[in-house]
Amino acid sequence: MGAISTTDAPPLSGPVAAATDERIRTAALACIARTGITRTTVDDVVREAGVSRATLYRAFPGGKEVLVEAVLGREVHRFFVELAGELARHQDAEGLLVAGIGRALRFLTEHPALRAVLDHEPGLLLSRVAFHRLGPILDAAAAFAAPHLRPHVRPDHPAPDDAATEVAELLVRVVLTHALEPSPHVDPTDDDSIARFVRRHLLPALTA
Amino acid sequence: MTRRTALSARVLDATFAEVAEHGLAALTVEAVAVRAGSSRATLYRHFPGGRDELVARTIEREVEQFFAAVLADAPPPEAGLLDHVAGLVVAAHRLLEEHAVLQRLLADEADAIVPSLSTIQPLVASGLTAHLVRALDDAATRGELVDDVDTAMAADHASRLLLSYVGSAGRWDLTDPDAARRLVRDRLLAGVVANR
């Protein structure tokens with residue numbers, strides 16, 4: 001997979017092409033939500049979308065790989081847009097963390113395609129975020145989150161920008177591990193559960 | 001040791017050696033049998049799941065041994081929770097870096113270990129979490145923790161973060177015991193260990 005970007009790649013220009021692009025992406029997500037990425041074929045997608053193979057290859061030259069990349073990029077972008085909207089609504093540290101963690105986890109654990117990938121091919125996702133592959137993901141996600149955390153770093157910290165970035169990385173790690181392997185202790189659908197977790201384990205890290 | 005367990009040990013040794021020498025993709029039951037001084041028939045009798053079972057059992061054993069080595073290297077929990085967990089972090093990071101076979105697989109056959117990763121991860125996590133629950137309970141009786149810590153939740157959290165940082169240290173220098181101690185105090189066990 002390519003580098004993680006928090007901005008979306010634009011579809012082909014023109015309203016008909018854009019609508020077709022959208023249909024194909026939606027169809028790809030539906031197929032992946034049924035059987036995961038590995039078992040989804042171009043034929044599955046064109047059947048679901050009601051377009052020809054030629055149309056798909058015109059919109060996504062390179063076929064399945066390019067399509068999956070584009071769909072992934074779009075979902076990642078959507079994730080950050082929704083999260084940013086949520087974060088903007090909170091000025092206090094606890095509210096920010098509870099809303100941010102809760103929203104992020106709900107998005108990920110309720111995402112049909114992501115759930116299917118985790119069910120059908122759990123190793124796939126794990127291998128994309130394991131060991132040295134985690135680095136670029138942490139960098140991109142932390143760059144997004146750090147500015148929101150910066151106002152809440154303790155005022156006497158010698159390197160507050162670094163602190164914000166490093167805490168952002170911590171939060172990204174937390175979200176990732178809970179998205180991949182849900183915990184009985186943290187229920188994304190229960191704000192009280194999230195709040196207890198944030199208060200006990202995450203706020204102290206932010207203010208350390 | 002019974003003959004059966006002696007054979008199993010020899011077979012797992014042979015599997016590990018085959019992977020170390022030829023990689024995972026090239027592994028065959030035949031090659032393992034030859035190396036273990038046994039036959040395919042015998043192997044399938046003891047490991048009916050064939051190649052997949054050989055790989056899974058070898059990995060399980062490797063994880064157990066890795067865990068034991070990490071524990072042996074770190075100060076015991078009685079020495080203090082922070083020092084113990086920081087010791088786990090430093091030891092695990094070092095031993096992971098030094099694990100030649102794992103590093104080569106990650107470099108050359110990252111996609112081949114994909115199926116194995118999803119079995120290793122929960123294994124490691126549950127073992128580590130169980131250990132940390134015991135360490136936290138002990139620390140609680142020694143008065144090292146703040147009041148009302150849910151040690152199961154704290155162990156789960158610390159375990160997840162420990163595995164995350166050890167696997168990919170980010171901006172932390174985990175060869176530095178002081179840095180590891182700060183990581184444990186301010187991140188893994190933040191809000192759990194009492195300030196003294």
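Let's start with a helix pair: in chain B, α5(B) passes α9(B) in a right-handed crossing (a crossing is right-handed if the near helix is turned clockwise from the far one by less than a right angle, and left-handed if anticlockwise). Helices here are DSSP runs of H or I with at least four residues, strands are runs of E with at least two, and both are numbered from the N terminus. This is a predicted model, in which local features need pLDDT of at least 70 and side-chain atom pairs count only at pLDDT 80 or more, while totals for chains, interfaces and linings use all residues. Residues are numbered from 1 along each chain as its sequence is written, and chains are lettered from A and ligands numbered from 1 in the order in which they are written.

**The α5–α9 pair in chain B**

- Two packed helices are described by the angle between their axes and the distance between the axes.
- For helix α5 (residues 81-98) and helix α9 (residues 177-188) of chain B, the axes come within 8 Å and cross at roughly 115 degrees. Those axes are lines fitted to C-alpha atoms, for helices over the stretch in contact, with angles running from 0 to 180 degrees between N-to-C directions.
- On the α5(B) side, the contact is made by B:Leu82, B:Val85, B:Ala86, B:Val89 and B:Val90. From α9(B) come B:Pro177, B:Ala180, B:Arg181, B:Leu183, B:Val184, B:Arg185 and B:Leu188. Being in contact means that two C-beta atoms, placed from the backbone, lie within 7 Å.
- Sorted by class, this contact has ten nonpolar, no polar and two charged residues. Nonpolar covers Ala, Val, Leu, Ile, Met, Phe, Trp, Tyr, Cys and Pro, charged covers Asp, Glu, Lys and Arg, and the others, Gly among them, count as polar.

**More on α5(B)**

- The 18 residues of α5(B) should span 26 Å at 1.5 Å a residue, and the end C-alpha atoms are 26 Å apart, which agrees. The expected span is 1.5 Å times one less than the number of residues in the helix.
- Buried residues of α5(B) include B:His84, B:Gly87, B:Leu88 and B:His93. A residue is buried if 20 or more other C-beta atoms lie within 10 Å of its own, exposed if 12 or fewer, and partly exposed in between, with C-beta atoms placed from the backbone.
- The cover over those buried residues includes α4 (50-73), α7, α8 and α9 of chain B.

**Helix α7(B) and what follows**

- Helix α7 (residues 114-141) of chain B has 28 residues, which at 1.5 Å a residue should span 40 Å; its end C-alpha atoms are 41 Å apart, which agrees.
- Which residues of α7(B) are buried? They are B:Leu128, B:Thr129, B:Leu132, B:Ala135, B:Leu136 and B:Ala139, and they pack against α5 and α8 (151-167) of chain B.
- After α7(B) comes B:Gly143, with a positive phi near 80 degrees.

**Two loop residues with positive phi**

- Most residues other than glycine have a negative phi.
- B:Asp148 sits in the loop between α7 and α8 of chain B, and its phi is positive, near 60 degrees. B:Asp148 is exposed, with 7 other C-beta atoms within 10 Å.
- A:Phe131 is in the loop between α7 and α8 of chain A, with a positive phi near 50 degrees. A:Phe131 is partly exposed, with 16 other C-beta atoms within 10 Å.

**Chain A overall**

- Chain A has ten helices and zero strands.
- The C-alpha trace of chain A spans about 60 × 35 × 30 Å along its principal axes.
- Of the 208 residues in chain A, 38% are buried.
- Among contacts in chain A with a separation of 6 or more, 62% join residues 24 or more positions apart.

**Domains**

- Domain bounds come from an automatic or database domain assignment; for chain A, it gives domain 1 (9-72) and domain 2 (89-208).
- The C-alpha centres of these two domains of chain A lie 30 Å apart. Their contact takes nine residues from domain 1 and seven from domain 2.
- Chain B is divided into domain 1 (1-52) and domain 2 (74-188), with 31 Å between their C-alpha centres.
- In chain B, five residues of domain 1 are in contact with six residues of domain 2. The domain 1 side has four nonpolar, one polar and no charged residues.

**Where the chains meet**

- 23 residues of chain A are in contact with 23 residues of chain B.
- On the chain A side, the elements giving two or more residues are α7 (122-129), α8 (134-149), α9 (160-180) and α10 (191-207).
- That side of chain A has eleven nonpolar, eight polar and four charged residues.
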